Amino acid sequence: MKFMESISVFDMLSIGVGPSSSHTLGPWRAALRWVEELKDDNKFDEVVSLTVDLYGSLSLTGKGHATDIAVMLGLMGFDPVTFPIENINKEIDFITSENKLKLNNELEVPFVPKENIIFNRKFLEFHPNGMTFNASFKDGSKESTSFYSIGGGFTVKEERKQEKAKMEKFAQFPFPIQNGAELAAYCKSENKSISEIVLENEKSLRSEAEITNGLKEIWDVMLDSMYVGAHTEGILPGGLNVTRRAFEMNKNLIGDTTYNNAEEWIDAIRNTEVKFRQILKWVSCFALAVNEVNASLGRVVTAPTNGSAGVIPAVMMYYMVIENHDANFEDVQKYLLTAGEIGSLFKKGATISAALGGCQAEIGVSSSMAAGALCELMGGTPDQCLMASEIAMEHHLGLTCDPIAGLVQIPCIERNAMGAIKAINACEMALNSDPAKAKVPLDKVIATMWETAKDMTSKYKETSEGGLAVQVNVSDC
Ligand code: SF4
């Protein structure tokens with residue numbers, strides 16, 4: 001049985017840099033953590049050289065996911081939340097031209113990326129996304145530390161030292177929820193919505209002002225990624241020559257209306273004529289926009305991962321511009337709290353790592369999170385929200401992860417549009433159903449997803465060794 005940890009909405013939705021939460025953001029954070037540990041152990045100033053070993057899935061798709069770049073940025077001490085992404089090339093170019101790296105922006109060490117970052121095909125036993133940081137010190141001694149990127153930007157060490165603290169925090173939650181049935185029971189006994197229950201739990205971790213400000217920051221990044229993506233044309237980096245499509249879609253849908261910022265854009269969209277086709281296109285445009293930003297190493301919110309970052313913003317935006325023109329930040333807050341909780345149920349009962357569960361763990365989970373959260377905004381009962389989440393995941397079961405050339409582009413970008421549309425459909429079906437008559441509870445679909453994940457061969461778990469990744473010839477792209 002998985003251990004019961006406190007998972008906050010801010011763990012499930014975190015601001016980061018694309019293209020992959022487990023292969024970019026996770027290694028970035030692991031490098032930061034390693035440097036911090038060297039400091040804590042008073043070994044930082046003693047470092048004379050270092051190498052980084054990437055293993056398994058992290059190595060197989062690491063190039064396409066910019067794992068090497070992320071590791072170097074982490075070693076330099078940059079924060080993925082605030083680092084100006086336009087400076088990435090400049091920083092990496094400095095390392096490659098000078099053959100040295102400034103550890104934590106303080107200590108210069110020799111560093112040749114091609115030699116000092118080693119891509120190993122071998123898998124470490126603990127998790128498919130393993131990495132080891134190796135340091136040599138002035139006195140000739142050496143030390144190696146391994147980290148594992150377990151999905152959604154989370155990083156752990158094998159011994160999971162944080163486990164005890166997380167379990168203690170979990171025990172302090174007013175509503176310690178392990179699964180969907182417990183969540184539903186708390187909603188019923190307390191006569192509260194899912195977001196109200198989650199808010200109470202969050203308040204045991206941080207102040208209400210911190211929660212509101214944190215969620216506001218998250219929404220600002222989500223909105224910005226939709227806006228930037230919908231207004232940037234061209235070809236995505238990486239060599240597949242994938243054309244950015246959100247730009248053209250937005251242009252065709254918005255027509256001659258003028259606007260100057262994201263808020264005005266929302267108003268402009270509200271004034272466009274929308275029939276079913278336009279709704280489909282708008283939702284797709286929002287989702288594509290985020291994932292095009294993600295694919296170009298832009299700033300997005302992992303929701304619950306980078307590859308699936310477009311689903312949750314796109315469905316919220318759908319609510320704002322189509323369903324409720326008066327929607328405000330209060331709605332956003334409810335939506336994000338509910339989405340975060342549903343995501344945490346999957347993390348506790350299954351996985352949100354494509355390296356463990358394929359794409360059902362990414363797009364499937366994000367669609368499930370969005371469906372339940374939208375359902376609450378649309379007036380659904382907590383049971384209907386959980387039913388919506390269940391429906392969305394049920395129809396993503398078995399979805400494999402097979403990105404062409406290891407890039408988070410094909411099938412990933414379109415898949416976000418599909419996940420968003422399925423979420424809206426799942427919500428509508430749940431709103432028109434009696435959850436008491438549902439045959440498949442959310443917890444059963446979570447368990448099924450986990451069993452399916454275990455049965456799936458590693459070819460379909462973020463290794464680019466199967467599926468589209470081998471059927472489609474990269475030179476044809
Ligand atoms: S196929 Fe799915 S899980 Fe795999 S990288 Fe793309 S979005 Fe992520």
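Keep in mind that the model is predicted.

Let's start with two helices. Helix 10 covers residues 208–230, and helix 14 covers residues 311–323. They pack at an angle of about 85°. Their axes are 10 Å apart. Angles from 65 to 115 degrees count as roughly perpendicular. That makes helix 10 roughly perpendicular to helix 14.

Which residues of helix 10 and helix 14 make the contact? From helix 10, take W219, M222, L223 and M226. From helix 14, take I312, P313, A314, M316, M317 and M320. Now sort the residues of this contact by class. There are 10 nonpolar ones, no polar ones and no charged ones.

Next, the ligand. Where does it sit? The space it takes is the largest cavity. The residues around the ligand are G307, A354, C359, E362, C401, D402, C412 and R415.

Now the backbone. Look at the peptide bond between G18 and P19. This bond is cis, with omega about 10°. P19 is in the loop between strand 1 (14–17) and helix 2 (21–40).

Move along to I410 and P411. A cis peptide bond joins them, and omega is about 10°. P411 lies in the loop between helix 18 (382–394) and helix 19 (412–431).

One last stop. What is the phi of A66, positive or negative? Positive, at about 55°, although A66 is not a glycine. You will find A66 in the loop between helix 3 (56–60) and helix 4 (67–75).

To recap the helix pair: helix 10 is roughly perpendicular to helix 14, and their contact has no charged residues.

Technical notes: Residues are numbered from 1 along each chain as its sequence is written. This is a predicted model: local features need pLDDT of at least 70, side-chain atom pairs count only at pLDDT 80 or more; totals for chains, interfaces and linings use all residues. Side-chain values use heavy atoms; hydrogens and water are left out. Axes are lines fitted to C-alpha atoms, for helices over the stretch in contact, and angles run from 0 to 180 degrees between N-to-C directions. Helices (H or I, at least four residues) and strands (E, at least two) are DSSP runs, numbered from the N terminus. Angles under 35 degrees count as roughly parallel, over 145 as roughly antiparallel, 65 to 115 as roughly perpendicular and the rest as oblique. Contact means heavy atoms within 4.5 Å. Ala, Val, Leu, Ile, Met, Phe, Trp, Tyr, Cys and Pro count as nonpolar, Asp, Glu, Lys and Arg as charged, and the others, Gly among them, as polar. A residue is near a molecule or strand if one of its heavy atoms lies within 4 Å of it. On a 1 Å grid over the protein atoms alone, a cavity is a set of points where a 1.4 Å probe fits but cannot get out, and a pocket is an open set with protein on both sides within 12 Å along at least five of seven lines; lining residues have an atom within 4 Å of a point. A molecule sits in a cavity or pocket if more than half of its atoms lie within 2 Å of its grid points.
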